[in-house]
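User: Please examine the model shown below and answer some questions on its fold and selected residues.

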Amino acid sequence: MSMISDNILQVRQRLTHACEQSGRQSEQLCLLVVSKTFAAEQVRAAHATGERDFGENYVQEALDKICTLSDLRAQLRWHMIGPLQSNKTKDVAEHFDWVHSIDRLKIAQRLSAQRPAHLPPLQVCLQVNVSGEASKSGVSPGELPELAHAVAALPRLQLRGLMSIPEPAQDLAAQRAPHRALTQLLQTLIKQGLALDTLSMGMSADMEAAVMEGATIVRVGSAIFGQRSGTTPH
Ligand SMILES: *Cc1c(COP(=O)(O)O)cnc(C)c1O
């Protein structure tokens, strides 16, 4: 477990360095610890070092972890970052604080309708397919404005911004380009009158590039917990 705290320290140093290089305050940046495929006790170890935001991809796995860690519930913010199916929206609306992976109005409408009245509005981002491959999830940049305005009007969701998972790239310039494109899409929506403040972009391999292009949430898994086993997806 001390490996986890060492890794978190290293990730935080990488982020602080990237903030310094780009003239940003590191307080403006949220580290989202991606705990998918890792055990509740590893989340507990990360919490013990001060982490509060955790990302999950698979609803059932997340519900089990949220239940096991119910003693920490008031301190933790759980973020759904994986593809969402209609039959899982109720569980997500009831148990998560954030959803980053909305790419269809129907899913957003269900989440809004199913968000319990005693909870604050669900904080949401729209996932954008910046690289443009047909297979990937995410709304296309062309269809984004219409979806964003429709989601912003839903009563029990608060639209905060955009999320992306670009194609992996080796060098810094190639990593920065899709992040810059997402930043520009957010600026366009803000000019159209939407009050947005969140760019969820950057993972273990490209967090510096994302910070340089304005990420406000970086989603980091393997740099903290180690490689995920090959038997589970992602
Ligand atoms: C798994 C995952 C991450 C974390 O990826 P790492 O490369 O392990 O840091 C971030 N975002 C999403 C959407 C993921 O599915």
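Predicted model: local features only at pLDDT ≥ 70, side-chain atom pairs only at ≥ 80, totals over all residues.

Residues are numbered from 1 along each chain as its sequence is written, and side-chain values use heavy atoms, with hydrogens and water left out.

User: What radius of gyration does the protein have?
Analyst: The C-alpha trace spans about 45 × 40 × 35 Å along its principal axes. The radius of gyration is taken over C-alpha atoms, and the globule rule is 2.2 Å times the number of residues to the power 0.38. For 234 residues a compact globule would be near 17 Å, and the protein agrees with this, having 17 Å.

User: How many residues of strand β5 are buried?
Analyst: Strands (E, at least two residues) and helices (H or I, at least four) are DSSP runs numbered from the N terminus. Buried means under 20% relative accessible area, exposed over 50%, and partly exposed in between (1.4 Å probe, protein chains only). Leu122, Val124 and Leu126 point one way from β5, Gln123, Cys125 and Gln127 point the other way, and all are buried. Strand β5 (residues 122-127) is thus mostly covered, and the number of buried residues is six of six.

User: Which residue of β6 stands opposite Leu126?
Analyst: Two strands pair if DSSP finds at least two bridges between them. Strand β4 (residues 98-102) runs parallel to β5 and is joined to it by three bridges, with Ile102 having Leu126 as its bridge partner. β5 also pairs in the parallel sense with strand β6 (residues 157-163), over six bridges. There, the residue opposite Leu126 is Leu162.

User: How many disulfides does the structure hold?
Analyst: A disulfide is a pair of cysteine sulfur atoms within 2.5 Å. Cys125 is in no disulfide, and its nearest cysteine sulfur, that of Cys30, is 11 Å away. Cys125 counts as buried at 0% relative accessibility, whereas Cys67 is exposed at 55% relative accessible area. The number of disulfides in the structure is zero.

User: Is Thr37 buried, partly exposed or exposed?
Analyst: Thr37 lies in the loop between β1 (30-34) and α2 (40-48). Although not a glycine, Thr37 has a positive phi of about 70 degrees. Because its relative accessible area is 25%, Thr37 is classed as partly exposed.
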